[in-house]
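The following note sets out points for a colleague reading this model. Please consult the sequence and the structure alongside each point.

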Amino acid sequence: MDQIEQLPSQLSRRNWIVLALLLFASLPFGNLALSAGVLVGGLVAIGSFFWLRRSLGRLLEQPVVGGARFRYQFGYIVRLTVLVGILAVLVKVVKVHAVGLLIGLSVVVVNLFWITAQRAFK
């Protein structure tokens with residue numbers, strides 16, 4: 001299998017590694033709320049990444065018709081709305097540690113930087 005074809009599965013696996021590293025890095029601060037925020041934010045980010053990957057996979061598998069593009073765009077709006085709703089509930093109702101949540105939400109971004117640097121220096 002080509003390296004480009006393996007990239008989505010590598011990103012998915014590595015998201016969990018990045019989340020574990022960020023979670024372990026937050027533990028020495030002794031703030032359970034911070035660590036919980038990192039965990040929750042990471043789970044939201046990984047879930048959102050998985051949902052996006054699945055949607056893009058479905059779009060690319062379908063024949064090129066106008067309806068497929070509309071369904072993807074509509075799904076994008078739904079996904080974004082759900083994500084905003086989840087984050088609003090986490091911040092306002094559950095009162096998740098905001099800094100921890102932001103650190104956790106950066107899991108996919110850190111992973112993308114990691115894999116880009118890895119490929120740049122090969």
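1. Among contacts in the protein (heavy atoms within 4.5 Å) between residues at least 6 apart in sequence, 75% join residues at least 24 apart. The model is predicted, so local features need pLDDT of at least 70 and side-chain atom pairs count only at pLDDT 80 or more, whereas totals for chains, interfaces and linings use all residues. Residues are numbered from 1 along each chain as its sequence is written, and side-chain values use heavy atoms, with hydrogens and water left out.

2. The protein has five helices and zero strands, and from the N terminus on its elements run α-α-α-α-α. Helices (H or I, at least four residues) and strands (E, at least two) are DSSP runs, numbered from the N terminus. Taken along the principal axes, the C-alpha atoms fill a box of roughly 55 × 40 × 15 Å.

3. The accessible surface of the protein is about 8300 Å², and 74% of this belongs to carbon and sulfur atoms. Accessible areas come from the Shrake-Rupley method with a 1.4 Å probe; for residues, only the protein chains shown count as cover. Of the 122 residues, 24% are buried. Buried means under 20% relative accessible area, exposed means over 50%, and partly exposed lies in between (1.4 Å probe, protein chains only).

4. How do helices α2 and α4 cross? Two packed helices are described by the angle between their axes and the distance between the axes. The axes of α2 (residues 32–61) and α4 (residues 98–105) come within 6 Å and cross at roughly 35 degrees. Axes are lines fitted to C-alpha atoms, for helices over the stretch in contact, and angles run from 0 to 180 degrees between N-to-C directions. The crossing of α2 past α4 is right-handed; a crossing is right-handed if the near helix is turned clockwise from the far one by less than a right angle, and left-handed if anticlockwise. The residues of α2 that meet α4 include G37, G41 and G42, and their partners in α4 include G100 and G104.

5. N111 lies in helix α5 (residues 107–120). Its relative accessible area is 0%, so N111 counts as buried. Beyond residues up to four places away in sequence, N111 touches L11, R14, N15 and V18.

6. V18, one of those partners of N111, is placed in helix α1 (residues 3–26). V18 is buried because its relative accessible area is 3%. Leaving aside neighbours within four places in sequence, V18 is in contact with V107, V110, N111 and W114. By contrast, V18 and Q73 are 55 residues apart in sequence and 29 Å apart in space, C-alpha to C-alpha.

7. R79 has its place in helix α3. R79 counts as buried because its relative accessibility is 5%. Not counting residues up to four places away in sequence, R79 touches S48, W51, L52, S55 and Y72. R79 and V109, 30 residues apart in sequence, are 18 Å apart in space, C-alpha to C-alpha.

8. F70, F74, V78, V82 and I86 make a nonpolar surface patch of about 440 Å². Patches are made of residues with over 30% relative accessible area and no salt bridge; like charges are joined within 9 Å, and nonpolar side chains (Val, Leu, Ile, Met, Phe, Trp, Tyr) within 5 Å. A salt bridge is a side-chain nitrogen of Lys or Arg within 4 Å of a carboxyl oxygen of Asp or Glu. I86 belongs to helix α3 (residues 66–93), and is partly exposed because its relative accessible area is 38%.

9. K95 lies in the loop between α3 and α4. Phi of K95 is near 60 degrees, a positive value in a residue other than glycine. Most residues other than glycine have a negative phi. K95 counts as exposed because its relative accessibility is 61%.
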